[in-house]
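Welcome! Please take a look at the structure below, and then let us walk through a few of its features together.

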Amino acid sequence: MLPSPFFIIPMAKQKKTPSKKTKRKKKRQQATWPWLALAAFAAVVCLLLALTLLPRMLEKKTPPPAATKDPSILTEVLVEDIRIEVESALLRAGVKLPTQALKDLAPGASLTVEGAYPETAALDTLQKRLKRLSGNIEVQNHPTQRTIVILWNGRLLFGIEYPPEPSVPPDAPPGPRVAIIIDDVGRDLATAREILDIDLPLNVAILPFSHKAFEIDELLYQQGREILIHIPMEPQGYPDKNPGPQALFVNLDRDEIRRRFEAYRQRVPHATGGNNHMGSRFTEERDGMRTVLTLMKDDGLFFVDSLTTPRSVAYAEAVKMGIPSVERDVFLDNVQVASRILAEIRKLAALAQRQGTAVGICHPHPETLEALRQSVKIFQEYGVTVVPVSQLLRS
């Protein structure tokens, strides 16, 4: 059967061709999409940064008090500057300041120092220098009380106190005076007798564990001489430098220091005072020195700081504890040549002329004993009287 002529076979649907305008629009959309995505990403990043940083940016930044430069505000920096100026003024005046003394001094506290009381001109200079730091600072001078006061807005900032001037014993001779201590005595009686033959009231410091310590103590006592215990103490450089048997070391506890000191007293029973043998390490330690000085105070002994280190705290601690004491001024025989020793003796006499008193320390070398015999004329020439060291003590 033939197909009907009316039967139409459907033809495939033809695609509609987009217009040029549609093509351009679609192309623009395809080109714009990446930029929109990038802009959105950037906006998110900026928002996150703003949320993170904005609180910090808005936070009020207040500088710490120590950083302010306002001279009307007492800051830690200003207090430190004041300390530096005061310390410099004291050092120029000849004061011997313990290490860290002013740095450890809290505002409102006072520090006791040793040395000549500053002249008015020196204090005026200090006032001017402090005024440059702040107009609120004032220096007050109280020479009768031997006190210098640093005020801030009328209130105490620092006080510098000097001990009272030593009173001269009623029987003390007028004019400049010196005391001479001979250390390291105790090895032989012959040396002790040579010392007694010198026409000067020399002090003798006996090493307690030397061979003839007890016998020499008795001999000197019978002759009316002033005797000291030459207390052996740990030096810098131990054990290359050895202070001898039963010495005091910084690692000893109080009970052991007490036991050793009681042994010294038994070996030198007629001593009225003591000074350190070596001790450049031990005399820098406050705790150890306080223990020794407490024992000396209990026994009524005075103390002489041989000053074997410039950082010694021994004399300052003795003054605080009210123990009669004094510091060594001149070592006479560091060089064991008679002419050099005589030169040091002249230096000692000249120092006594300037400051009223002076203390020299030497040792029983033959050259030293010979120089001491010749020194009688030197002291007469300088108008200086040699006295026992007990007459030069401060308390």
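This is a predicted model: local features need pLDDT of at least 70, side-chain atom pairs count only at pLDDT 80 or more; totals for chains, interfaces and linings use all residues.

## Aromatic rings

The structure holds 3 aromatic pairs. Take F261 and Y264: their ring centres are 6.1 Å apart and their planes meet at 70°, so this pair is edge-to-face. The reasoning rests on a cut-off, because planes over 60 degrees apart count as edge-to-face.

Where do F261 and Y264 sit? Both belong to helix α6, which covers residues 254-267. Being 3 residues apart there, F261 and Y264 are separated by about one helical turn.

Are these two residues buried or exposed? F261 has a relative accessibility of 2%, so F261 counts as buried. Y264, at 0%, counts as buried too. The cut-off used here is that buried means under 20% relative accessible area.

## A charge over a ring

Another ring to look for is that of F331. R328 lies over the face of F331, at 4.0 Å from the ring centre.

## Helices side by side

Two packed helices are described by the angle between their axes and the distance between the axes. The crossing of α4 and α5 is right-handed. On the α4 side, the contact is made by L189, A192, R193 and L196, while α5 brings E215, I216, L219 and L220.

Now find helix α9 (residues 338-355) and helix α10 (residues 366-382), whose axes come within 9 Å and cross at roughly 35°. Here, too, the crossing is right-handed. Which residues of α9 meet α10? They are A338, I341, L342, I345, R346, A349, A350 and Q353. Their partners in α10 include E367, T368, A371, L372 and Q374.

## A proline in a loop

Just one more stop. P364 is found in the loop between strand β12 (357-362) and helix α10. Leaving aside residues up to four places away in sequence, P364 touches I182, D183, D184, V185, T191 and L369.

Key
Residues are numbered from 1 along each chain as its sequence is written. Side-chain values use heavy atoms; hydrogens and water are left out. Rings of Phe, Tyr and Trp (its six-membered ring) pair if their centres lie within 6.5 Å; planes under 30 degrees apart count as stacked, over 60 as edge-to-face and the rest as tilted. Helices (H or I, at least four residues) and strands (E, at least two) are DSSP runs, numbered from the N terminus. Buried means under 20% relative accessible area, exposed over 50%, partly exposed in between (1.4 Å probe, protein chains only). A charge sits over a ring if NZ of Lys or CZ of Arg is within 6 Å of the ring centre and within 35 degrees of the ring normal. A crossing is left-handed if the near helix is turned anticlockwise from the far one by less than a right angle, and right-handed if clockwise. Contact means heavy atoms within 4.5 Å. Axes are lines fitted to C-alpha atoms, for helices over the stretch in contact, and angles run from 0 to 180 degrees between N-to-C directions.
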